[in-house]
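I have kept to what can be checked against the coordinates.

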Amino acid sequence: MDSLHRYRVPLALLVIALALGAPFVLYPVFLMKLLCFALFASAFNLLLGYVGLLSFGHAAFLGTAGYVTGYLVKDAGLPMVPGLLAGTAAAALLGYVFGSLAIRRRGIYFAMITLALAQMVYFVCLQVPQTGGEDGLQAVPRGRLFGVLDLTNNITMYYVVLAIFLFGSFVIYRTIHSPFGQVLKAIRENEQRAVSLGYEVDRYKLLAFVLSAALSGLAGATKALVLQLASLTDVDWHTSGEVVLMTLLGGMGTVAGPFVGAALVVTMQDYLADIGAFVTVIIGGVFVVCVLVFRRGLVGELARALKLKT
Amino acid sequence: MTEIFGIPLQVLFGQLLIGLINGAFYAVLSLGLAIIFGLLRIINFAHGAQYMLGAFVAWMALHYFGLNYWVALIVSPIVVGLLGMAFERTMLRRLYRFDHLYGLLLTFGIALVVEGLFSNFYGVSGKPYSIPEALGGGTNLGFMFLPNYRAWVVVASLVVCLGTWLVIERTKIGAYLRAGIENPTLVQSFGVNLPLLITLTYGFGAALAAFAGVLAAPIFQVSPLMGSNLIIIVFAVVVIGGMGSILGAILTGFGLGLVEGLSKVFYPEASNTVIFVIMVLVLLIKPSGLFGREA
């Protein structure tokens, strides 16, 4: 076994210990937002990093789940847990539709199709009355977990979000390191050979796509509860671009990369919120530098420098 | 007034004209994308930004240098084409040996930078650009009123599209380009300067986008984000048409513009999404696109 893998348990425990203490040092809402985007980027990375499929429409899953959860919790009065599950299920279903269409084409076409489908979702969200159009769904109530825990308390909410994040990350980790994950990597490395070995490549791709969409949905549904808001920003194509950037910046195909990338991008947006349109310039610039100079991302380059296998 | 399916003819023709104009932009933009994709195998995400740049160069030429529309129509594509070539030479070129997705991501990043810069300096609300005097007013065709400028846009786009097609099909450089698309290695071994051909092709694609941008300037406002939403629709157009044929890209562009115009008349709620719905249908029936070959 490689060295990084050997230390995975103490490393994971260290990260969890830090995460448990974090809300007493940093602003909990910021941390929750970060966890949601980290889960989103990890779910995206499952597809880009491990199957080699570049989806440019993942905002649709994040946003749709947010709207579904927001609508059910706010307007239909559903409790939080069924609301979250329904949002996740909606994203999974949408993922199934997107996936079945997009895997008909490869490479660059795949990216364009997912982008176009997501734009269609954007227009639908803009027009249907349930989403609140330009205003979005505001003041989504967090409610009580199992009718007991008061989630309006940010610290309590933080631990719930942390639990959701850990659950999502665990699912992704187990998927990557399962025989199913091995087949996905085989498809990434050489699709023809995977086909000739008898794997039904399209079914594997579709399943990975649905899983990625569902977990992105989980992130979006959680985010809607955290910020008590579901808005058009979440289904906008800029968000699809941002998740690509997070994954690329952190290191695609690494477990920790998306987390690092999400942390950097969310922090950057938070601190640079005052300078308006210039944020886009910086994000674009980071994109260009990443693609030209370090395609492996921060975690990937670091692992290479330390001669570790991730 | 004459009606068809309960719709006044004048409204129908009006929307068809708008559809034809949108179709003209789809056609010119998807043509540029198809040419770049053919040789570079890269989807140029910066195409929308180059279209926007085209319009802005025209606006700047007028406001800072007093150069009119007709000069801008020539100058703007040249400027943007040169910028495109510089971009290809300095950045895009480094990525050819990697996965083509990196090219897509690079052009995406550049598009964000350019659009962000223009939003920052000029605001997102947009600048007006007036119709050139010679093309002001309109012609009464009896069944409808045709603004002269709109007729010009359709004609100019058609001429540019067909001209491009002729250059590619009938000239020596077009033959090199087609050969390069079929088999780049072999073409290079015959002594054709392939890197130069690639640079010129990218520049030409960018210039086409800029040309569309100048045409668009008097119709839509000149705004930093004018390209980013359009380009996604053009991507759908490209998926529908497939990128195998130049004429296919032109036909699909105009056709889809008309369909969009019709949907505005008969079912306005769907006008934003109709092209995407058609894309879904095409993917279900003929995944390689109407005129495409499986790439």
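1. A:E191 lies in helix α9 (residues 191-196) of chain A, where helices are DSSP runs of H or I with at least four residues and strands are runs of E with at least two, numbered from the N terminus. With 16 C-beta neighbours inside 10 Å, A:E191 counts as partly exposed; a residue is buried if 20 or more other C-beta atoms, placed from the backbone, lie within 10 Å of its own, exposed if 12 or fewer, and partly exposed in between. A:E191 and A:Y173 are separated by 18 residues in sequence and by 22 Å in space, C-alpha to C-alpha.

2. This is a predicted model, in which local features need pLDDT of at least 70 and side-chain atom pairs count only at pLDDT 80 or more, whereas totals for chains, interfaces and linings use all residues. Residues are numbered from 1 along each chain as its sequence is written, and chains are lettered from A, and ligands numbered from 1, in the order in which they are written. The model scores ipTM 0.83 and pTM 0.87. The average pLDDT of chain B is 86, with 97% of the residues scoring at least 70; pLDDT is the predictor's confidence in each residue, from 0 to 100.

3. A:Q228, which is not a glycine, has a positive phi of about 55°, and its place is in the loop between α10 (201-227) and β4 (229-230) of chain A. A:Q228 is partly exposed, having 18 C-beta neighbours inside 10 Å. B:R41, also not a glycine, has a positive phi of about 60° and sits in the loop between α1 (9-40) and α2 (47-65) of chain B; B:R41 is partly exposed, with 15 other C-beta atoms within 10 Å. Most residues other than glycine have a negative phi.

4. In chain A, the axes of helix α3 (residues 28-48) and α11(A) come within 9 Å and cross at roughly 80°, axes being lines fitted to C-alpha atoms, for helices over the stretch in contact, with angles running from 0 to 180 degrees between N-to-C directions. The two helices are therefore roughly perpendicular to each other, given that angles under 35 degrees count as roughly parallel, over 145 as roughly antiparallel, 65 to 115 as roughly perpendicular and the rest as oblique. On the α3(A) side, A:F37, A:F40, A:A41, A:F44, A:N45 and A:L48 meet A:V243, A:M246 and A:T247 of α11(A), contact meaning C-beta atoms, placed from the backbone, within 7 Å.

5. Between the chains, the contact takes 34 residues from chain A and 34 residues from chain B. On the side of chain A that touches chain B, two or more residues come from each of α6 (107-127), α11 (237-250) and α13 (278-292) of chain A, and α6(A) gives the most, with 14 residues.

6. Of the 195 residues in the largest nonpolar core, A:M112, A:A116, B:V28, B:A236 and B:M279 touch the most other members; such a core is a set of buried Ala, Val, Leu, Ile, Met, Phe, Trp, Tyr and Cys residues joined through C-beta atoms within 7 Å. Leaving aside residues up to four places away in sequence, A:A116 touches B:I232, B:F235, B:A236, B:V239, B:F276 and B:M279.

Methods. Contact = placed C-beta atoms within 7 Å.
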